[in-house]
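This briefing is for a reader who is new to the structure shown below. Please keep the sequence and the 3D view at hand while reading.

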Amino acid sequence: MGAAHAADAVPGATTLDHTQVEYVSHCGGCHGIEGISGNTFVPTMRNAVGAFACTDEGRAYLIRVPGVSMSLIRNDQTLADVMNFVMLRLAGSSLPSDFHPYTASEIHDLRQHPLSVPGFMQQRSEVLGRALAACSSKKSGKEG
Ligand code: HEC
């Protein structure tokens, strides 16, 4: 993923690669360009979103949320790239060490099953509760 450099690019100015442009255009307005959405109803992703990947259920949840599964990014590989950017670049300290990147075919399958809106936040907190429990047992295994 090389950053695109226009011939007239200002040296040192920020250049975004294709995946980052997709993230900023389709996700960043709600989630913030660094995954920090501030004091809104949009969950903060920075140093937080990775915990979901501690369970298969949580890993699937991240793709089934309406903003991802129903994204206008219809190309599965592009959406996989965007979600891998979210996980590898924004999830920071919350990412479990055994995380493996999303593939286009995994995205393709999961986005066929978007989560429905009624009861969503309840379902979210149950999924996150189980994932956090799995994260802390992984960590205590590592730290003794
Ligand atoms: C219109 C605002 C909006 C847009 C655009 C949006 N999201 Fe979201 N996102 C939300 C909200 C609100 C939630 C909380 C769940 C819900 O209510 O759908 C959420 C939840 C999530 C979650 C689960 C995080 C958690 O802690 O539960 C992920 C991952 C995510 N979004 C990623 C993305 C990505 C990647 C994109 C771009 C493809 C995107 N979102 C576009 C508003 C948005």
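Where is Asn47 found? Asn47 lies in the loop between α2 and α3. The model is predicted, and the points below are grouped by topic.

- Asn47 has a phi near 55°, which is a positive value in a residue other than glycine.
- Asn47 counts as partly exposed because 15 other C-beta atoms lie within 10 Å, a number between the limits of 12 or fewer for exposed and 20 or more for buried.
- Ile36 also has its place in the loop between α2 and α3.
- With 14 other C-beta atoms within 10 Å, Ile36 is partly exposed too.
- Leaving out residues up to four places away in sequence, Ile36 touches Thr44 and Arg46.
- Ile36 and Thr15 are 21 residues apart along the chain, and their C-alpha atoms are separated by 20 Å.

**The shell around the ligand**

- There are 21 residues around the ligand, and those that come nearest are Cys27, Cys30, Pro43, Gly67 and Ser71.
- By type, the shell consists of 15 nonpolar residues, five polar ones and one charged one.
- At least two residues of the shell come from each of α2 (28-31), α4 (66-69), α5 (76-90) and α7 (120-143).

**The packing of α1 and α5**

- Two packed helices are described by the angle between their axes and the distance between the axes.
- For helix α1 (residues 18-26) and α5, the angle is about 85° and the axes are 9 Å apart.
- This angle makes α1 roughly perpendicular to α5, because angles of 65 to 115 degrees count as roughly perpendicular.
- On the α1 side, Thr19, Gln20, Glu22 and Tyr23 take part, and they meet Thr78, Asp81, Val82 and Phe85 in α5.
- The residues of this contact divide into three nonpolar, three polar and two charged.

**The largest nonpolar core**

- The largest nonpolar core holds 28 residues, and Phe52, Val82, Met83, Val86 and Ala91 have the most contacts inside it.
- Two or more residues of this core are given by each of α3 (56-64), α5, α6 (104-110) and α7.
- The most residues come from α5, which gives eight to the core.

**Val82**

- Val82 is among the core residues with the most contacts inside the core, and Val82 is also one of the α5 residues that meet α1.
- Not counting residues up to four places away in sequence, Val82 touches Thr19, Glu22, Tyr23, Cys27 and Ile73.
- Of these, Cys27 is also one of the residues that come nearest to the ligand.

Conventions
Residues numbered from 1 in each chain as written. Predicted model: local features only at pLDDT ≥ 70, side-chain atom pairs only at ≥ 80, totals over all residues. Near = placed C-beta within 6 Å. Helix = DSSP H or I, 4+ residues; strand = E, 2+ residues; numbered from the N terminus. Nonpolar A, V, L, I, M, F, W, Y, C, P; charged D, E, K, R; others polar. Axes fitted to C-alpha atoms, helices over the stretch in contact; angles between N-to-C directions. Parallel < 35°, antiparallel > 145°, perpendicular 65-115°, else oblique. Contact = placed C-beta atoms within 7 Å. Core = buried A, V, L, I, M, F, W, Y, C linked by C-beta atoms within 7 Å.
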